[in-house]
Every structure is written in C-alpha cells, then in structure tokens.
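This report describes the domains, the sheet and the contacts of the structure shown below. It begins with the term on which the contact counts rest.

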Amino acid sequence: MPTKSRKDLQGERLFTASQWQLMWWRFTRHKLAVISMVVLLVAYGIALFCEFVAPHDPNRYDARWVLAPPMKLHFVDKDGRFHLQPFVYGLKSKRDLETLAMVVVPDESRTYPIKLFARGDPYELWGQFANDRHLFGIKADDQMFFLFGADELGRDSLSRIIYGGRISLSIGLVGVFLSLIFGIILGGISGYYGGVADLIIQRVIEFLRSLPAIPLWLMLAAALPPTWSSIRIYFGITIILSFIGWTGLARVVRGRFLALREEDFILAARLANAPRMRIILRHMVPSFASHLIASLTLSIPGMIMSETALSFLGLGLQPPIVSWGVLLQSAQNLRSVVLAPWLLLPGLFVVIVVLAFNFMGDGLRDAADPYAM
Amino acid sequence: MLRYILQRILLFIPTVFVISVVTFTLIQLPPGDYITVYAAQLEASGQEVSEQLLTALRGRYGLDQPITIQYAKWIGNIVLYGDFGQSMQWNRPVADLIWERLWWTIALSLGTLIFTWIVAFPIGIYSATHQYSVADYVFTFIGFFGQGVPDFLLALVLMWLGYSWFGVEVGGLFSAAYKDAPWSLAKFADLLRHLWVPVVVLGIAGTAGLIRTMRANLLDELRKPYVVTARAKGMKERALVWKYPVRVALNPFISGLAYVLPGLVSGATIISVVLSLPTTGPMMLRALMSQDMYLAGSFLLLLSTLTVLGTLVSDILLAWVDPRIRLG
C-alpha cells in the first residue's frame with residue numbers, strides 16, 4: 001500500500017480545513033501580527049493580574065522619594081563581585097550644591113536584591129483574594145522599589161503604569177463593544193432594509209464624521225456631573241467615545257450586508273422561506289464575522305488614544321482613577337518633563353499597545369478572507 | 001454640475017442647523033443655568049448680587065422662557081448680530097474673544113493640510129512605483145509609526161528633546177521679542193521658525209494615511225491594462241505614470257480634505273494646549289474647566305461649521321475633478 005507523501009497530506013488538510021482554520025493559518029504567516037498578538041496577550045494578562053504584578057500599591061507614597069529617578073539594575077557590586085540575582089541600591093536625599101534643591105540619589109551603602117514572589121504591600125486581587133506576594137520586588141520596609149522612577153508625590157511609576165493599563169486597556173474593549181452594538185444595529189438596519197432608513201442613517205454617520213471629535217468630546221465630557229462616582233465617569237467616558245466610534249463599524253456592517261444581500265446562498269435561504277432573523281443570524285453574520293473582528297481590532301487603538309487624550313487634557317477620567325492618560329497629566333508641562341523625563345513612560349506603553357493593535361488588525365484583515373488568494 | 005453644487009449647498013443648511021441644535025443642547029447640559037453660576041461667582045468675589053440684576057440678565061438671554069424660544073434667541077443673536085453671548089470667565093462678549101483665535105486655528109489647519117499634500121504626494125508616488133524597495137519599507141514603517149503615536153505625545157517629546165539637546169523652547173508661535181511687535185518680515189520669519197513643530201506633529205498622522213491611500217490607489221491603477229498597453233506602445237515610463245495613473249489616483253487628495261480636516265481641527269485643539277499656541281484649543285479647554293459654556297459652545301459651533309464647510313468644498317472640488325461623481 002503506497003503511503004501518502006507529506007505534500008498530499010497537507011493538501012488534504014487544506015481541502016478539509018474549516019474556514020476558521022484557514023484564517024488561522026493565513027494569520028500565522030503574518031509574523032508581525034503574531035508577535036503583536038503575543039504582546040497584547042501579555043499586556044492584557046498583566047492588566048488582569050495588575051495587583052499581583054505591580055511591585056507596590058499604586059497609592060503608596062513617600063514624601064522622601066519625590067521624583068526619584070529610575071533605579072538601575074546592577075549585577076556587579078562595588079567590590080567587583082558578580083551576582084546572578086540583580087540588585088538595586090537604596091535611595092537618599094541630598095542637597096544639590098549647585099541648585100541648592102533637594103535631589104534623590106542612589107545610596108550605595110545599602111543594596112537590595114530583587115526577589116521573585118517577594119512579600120510587599122498587601123492587596124486584594126480583584127477585590128477578593130487578600131495577599132501580599134508580588135511577582136517581583138525588594139525585601140525592605142523602609143525602601144520603595146522604583147524601577148521606573150517616582151512621581152511628584154513619591155509614588156511608584158511602574159506600579160501606577162501597570163494599574164493604569166487595566167483602565168486604559170479595558171476602556172478600549174468596553175468602548176468598542178458599545179460601538180459594536182450600535183454599529184451592528186444601525187448598520188444592519190441601514191444595509192438590510194435600505195431605502196429611507198438607509199438614507200437617514202447614512203446622513204447621520206456623515207454628519208458625525210464631519211465634526212471635529214476632540215472639541216465635541218471635551219464638551220460632552222464637561223457635561224458629566226462632577227458629583228459622579230469614578231465608575232460612572234468611566235462608563236460615561238466610554239459612552240462618549242463610542243458616540244463617534246460606532247459610525248466606522250456601522251459602515252463596515254452596512255457594506256457587508258449590501259454585498260451579501262445579492263449572494264446566491266442568501267437568495268436560496270429566502271426561497272427556502274427562512275425567516276428574516278434566521279437569514280441574518282445564521283447565514284449573513286457568520287460570513288462577515290471575520291471582517292467584523294478585523295475592523296473591531298483596528299478600532300480599539302483609536303479608543304485607547306482618545307481616552308488618553310481626554311484624560312491628558314483633564315476632562316476624561318479623574319484621579320484617583322489611574323489610567324495612562326491620567327498619568328501623562330503630570331507630564332503636561334515642559335518643566336516637569338525636563339526635570340523627570342520618566343513621567344513620559346506611560347506614553348511609551350500607549351504607543352506599544354496601539355502599534356500592536358494596528359499590526360494585529362492588519363494581519364486579521366488579510367486573513368479575514370481566506371478564499372481570496 | 002450646477003445641480004450637484006446646488007444639491008450639496010442645500011444639504012449644508014440643515015447640517016449647520018443640526019450642529020447648532022447639538023451645540024445648544026450641550027451648552028444647556030450642565031446643571032444650573034449660566035446666571036446662577038454668574039451670581040455664585042459674584043458672591044464669591046464679595047460683590048452684592050441684586051435680584052434685579054439677575055432678573056434683567058435672565059430676561060436678556062431669555063432664560064425665563066421655554067427652551068425653544070431660548071434656542072431661537074441664541075441662534076438669532078448669532079446669525080443677525082454676531083452676538084455669541086457673554087463669557088463669564090472673561091466678563092466680555094464671546095464674540096470679542098474668539099475671532100483672533102479662530103483665525104490661528106484655521107491658519108494652522110490649512111498650513112498643515114498643505115504640508116500634508118506636499119509631503120504625501122511625492123512619497124506616495126515613489127512608494128507605488130518602487131514597491132517593496134528599501135525606501136518603500138522605510139516610508140511604510142514611518143507611516144505606521146505616525147498613525148500609532150498620539151500627536152500630543154509627539155509634541156511633548158519634541159519639546160523635551162528641543163529643550164534638552166538644543167536648549168530652545170519650541171512652544172508658542174513667536175519668540176518673546178516678536179510677541180507684541182507689529183507685523184514685519186522678521187516677525188513672519190520668526191513665526192515660520194516656530195510653526196514647523198506644530199505643523200509636523202499635527203501633519204504626521206494625516207500624511208501617513210494619505211501616503212497609504214495614494215500608494216494603494218496608484219498600485220491598483222498601475223496594474224490596469226491601459227498602462228500595459230501604453231507601455232507596450234513604447235510610451236516613456238515617466239510620461240506614462242504622470243499623465244494617466246497619477247491623475248486618477250489623485251482623488252484621495254481632494255476627498256481627503258473631508259476626512260483629514262476634522263482630524264486636523266480636532267488634533268490642533270490638543271496640540272495647542274501642549275505647545276501653548278494661541279489657537280482655540282487652550283481657550284476652549286479653560287472655558288470648559290470653569291463651566292463657561294457659552295464660550296466653549298461658540299468654539300464648538302464655529303469649528304464644526306468650518307469642518308462641514310471644508311467637506312462641502314471638497315465634495316464640489318471632487319465633482320469638478322472626477323466626472324464619475326457628479327454623474328453617478
């Protein structure tokens with residue numbers, strides 16, 4: 001009995017593979033998109049477990065370490081001995097003899113090795129599980145661990161960036177989810193029924209897209225009552241952001257509906273007397289779901305950037321909520337940036353996440369139509 | 001053609017009407033009317049607030065009347081007398097405050113638009129005609145980067161680098177020496193020296209997008225049979241590219257006006273806050289912070305009207321350039 005060659009097997013697998021399997025294969029060919037997906041998975045994983053990953057409580061402050069520069073990781077100590085486990089030096093306040101201002105400098109007499117699963121500030125994971133183990137940290141009661149420096153109140157920037165990630169990353173998802181609901185309903189009506197409904201919805205979309213977004217958002221955000229709790233402000237901001245965000249998704253949905261309406265299999269379903277909802281949900285939605293996922297991925301970075309911009313201007317989320325935009329507020333003027341450039345670090349994370357989403361969305365878009373080759 | 005233009009202009013009027021209604025609603029949204037806030041402010045500064053003054057003020061803005069009458073009064077004053085109401089924060093008519101800043105916003109947005117065109121045009125053509133060359137990859141990378149970096153962050157980083165490397169403060173539009181000086185050539189040169197930072201920061205995202213569209217369009221066009229035919233007939237490559245495909249692929253430059261302009265005006269708002277430019281952005285932000293809703297609302301009204309006007313102009317231009325649109 002002749003054995004099948006490797007190539008034949010591959011060919012057979014190709015013929016019998018499901019649509020999603022084909023898309024996955026296509027997607028994995030786009031290396032940058034796969035790397036981006038890994039980056040995003042890590043970022044969302046960190047955001048999910050931020051209490052555990054962050055070395056400190058984001059609100060713990062110490063007036064002695066105001067604007068402390070980032071600690072350097074050392075492997076070689078003063079005596080020239082090599083340590084496999086990196087360590088950091090402690091900090092001390094010193095008066096700068098030139099400017100006569102107090103500055104925080106490393107104190108080389110105290111060394112702190114960095115430990116995995118070190119005990120530190122107590123926290124409650126998801127508000128449920130009390131613990132005091134952190135992914136990494138230093139063992140010291142009197143010394144805080146500033147890998148990314150400290151802010152103007154002496155809080156740990158790294159911990160705040162990690163906690164801020166939870167808000168900034170989730171606001172993108174929640175906002176896009178809201179936009180998706182509006183987009184599917186309105187775009188679906190527009191594309192499936194056509195006629196007057198289509199005309200009105202298209203005009204509304206054109207109108208919203210021709211407005212300058214930031215001034216409009218600012219106006220809407222300023223109308224949120226200042227008495228609202230943080231969580232209500234959070235949802236208020238996501239609703240404001242999806243106010244314009246839905247238009248893009250509605251266009252995608254409408255375009256797909258219009259194209260699919262003419263397809264033979266829809267006509268067949270209609271002739272078989274399938275009810276309208278069944279045609280939409282069973283036949284139409286699965287065939288454009290992949291396109292929709294790609295468009296969704298591509299619209300998340302816009303949401304994240306918008307939230308960052310609004311919060312940066314002081315009209316989005318407000319402290320004590322920590323988001324990347326809120327953190328960047330302290331870097332708003334040139335003087336603080338020159339004095340403490342590490343305050344710009346939250347911006348680096350915005351850029352990484354936004355680029356990763358863009359690359360992954362590009363890969364998904366290419367993979368969305370695996371039969372197109 | 002004329003019919004198309006008339007149609008578009010007729011559509012413009014209800015659009016501006018909707019903008020004004022939206023703006024008015026937003027002005028009314030915060031709790032308490034403008035007079036209550038004003039009275040509280042006067043009291044806080046130790047001045048006596050007479051009931052008479054408040055009633056007079058309420059009457060002037062029609063605050064004692066139903067909301068539709070209030071709207072009619074507000075928009076009527078704007079259209080007929082150019083009266084946008086009173087700014088509480090500045091204690092001056094809004095109309096006195098906004099125009100100069102509005103001109104700066106328009107100048108900055110248009111300047112950036114021109115920059116975007118000048119940069120994107122040659123790069124787009126080069127990227128398409130030299131697809132997958134090293135330069136094409138470089139431009140693609142810059143394009144992705146430009147779209148991925150929030151513009152205000154770019155402004156902050158440029159300011160920081162400018163200060164710590166070259167010791168120059170890149171904020172503002174003029175050096176201190178020229179700030180209050182009358183217009184002269186030297187002052188204009190000084191303006192140009194400062195203007196490039198906001199223009200580059202603001203333009204990079206739009207430029208990146210435009211290059212991508214220009215490249216994609218031109219690539220589609222270059223693969224069409226008529227190009228092959230012309231090449232087979234021995235037409236010079238340069239003449240071939242410039243004479244036909246480029247002209248067809250040029251559409252996004254004009255239609256882009258409609259997409260790019262709202263983004264530019266929107267981006268200019270936040271850039272101006274970071275770089276402290278005398279445009280509408282910082283003033284609108286301050287107005288919103290102190291709940292000076294008439295001032296903020298006027299900015300929203302005018303900026304939105306301007307972008308919609310830009311869309312109108314781009315639609316007409318596009319119809320003029322591309323017959324498929326006015327006949328379709």
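## Basis and domains of chain A

Two residues are in contact if their C-beta atoms, placed from the backbone, lie within 7 Å. The model described here is predicted.

The domain assignment of chain A gives two parts, domain 1 (52-155) and domain 2 (162-367). Their centres, taken over C-alpha atoms, are separated by 38 Å. Nine residues of domain 1 of chain A are in contact with nine residues of domain 2 of chain A. On the domain 1 side of this contact, six residues are nonpolar, one is polar and two are charged.

## The sheet of chain A

Chain A contains an open sheet of four strands in the order S1-S2-S3-S4, with antiparallel pairing. Strand S1 (74-76) and strand S4 (129-138) of chain A stand at the edges; each has a single partner strand, so one side of each is left without a neighbour in the sheet. On average, neighbouring strands of this sheet are turned by 55 degrees against each other, direction ignored. In general, the side chains of a regular strand alternate between the two faces of the sheet.

Strand S2 (residues 82-95) of chain A runs antiparallel to S3(A), and nine bridges join the two. Within this pairing, Tyr89(A) has Thr111(A) in S3(A) as its bridge partner. The hairpin of S2(A) and S3(A) has six residues between the strands, and in this hairpin Leu100(A) takes a positive phi near 60 degrees.

Strand S3 (residues 102-125) of chain A is also joined to S4(A), by eight bridges, and these strands run antiparallel. Leu125(A) has Phe129(A) in S4(A) as its bridge partner, while Lys115(A) stands opposite Gly137(A) in S4(A). The hairpin of S3(A) and S4(A) has three residues between the strands, and in this hairpin Trp126(A) takes a positive phi near 50 degrees.

## The interface between chains A and B

Contacts between the chains involve 33 residues of chain A and 40 residues of chain B. On the side of chain A that touches chain B, the elements that give two or more residues are helix H7 (213-222), helix H10 (276-313), helix H12 (334-339) and helix H13 (345-367) of chain A. Among these, H7(A) gives the most, with eight residues.

By class, the side of chain A that touches chain B has 28 nonpolar residues, five polar residues and no charged residues.

## Overall form and domains of chain B

Chain B has 15 helices and two strands. Its C-alpha trace spans about 90 × 55 × 35 Å along its principal axes. Of the 328 residues of chain B, 36% count as buried. Among contacts in chain B between residues at least 6 apart in sequence, 72% join residues at least 24 apart.

The domain assignment of chain B gives domain 1 (2-94) and domain 2 (95-321). The centres of these domains, taken over C-alpha atoms, lie 33 Å apart. Their contact takes 26 residues from domain 1 of chain B and 22 residues from domain 2 of chain B. On the domain 1 side, two or more residues come from each of helix H1 (2-28), helix H2 (34-44), strand S1 (86-87) and strand S2 (92-93) of chain B. The largest share, eleven residues, comes from H1(B). That side of domain 1 of chain B has 15 nonpolar, eight polar and three charged residues.

The buried residues in H13(B) are Thr280(B), Gly281(B), Met283(B), Met284(B), Leu285(B), Ala287(B) and Leu288(B). Just after H13(B), Gln291(B) takes a positive phi of about 55 degrees.

Phe166(B) belongs to helix H7 (residues 151-166) of chain B. The C-alpha atoms of Phe166(B) and Leu195(B), residues that are 29 residues apart along the chain, are separated by 17 Å.

Notes: Residues numbered from 1 in each chain as written. Chains lettered and ligands numbered in written order. Predicted model: local features only at pLDDT ≥ 70, side-chain atom pairs only at ≥ 80, totals over all residues. Domains from an automatic or database assignment. Nonpolar A, V, L, I, M, F, W, Y, C, P; charged D, E, K, R; others polar. Pairing = 2+ DSSP bridges. Axes fitted to C-alpha atoms, helices over the stretch in contact; angles between N-to-C directions. Buried ≥ 20, exposed ≤ 12 C-beta atoms within 10 Å, placed from the backbone.
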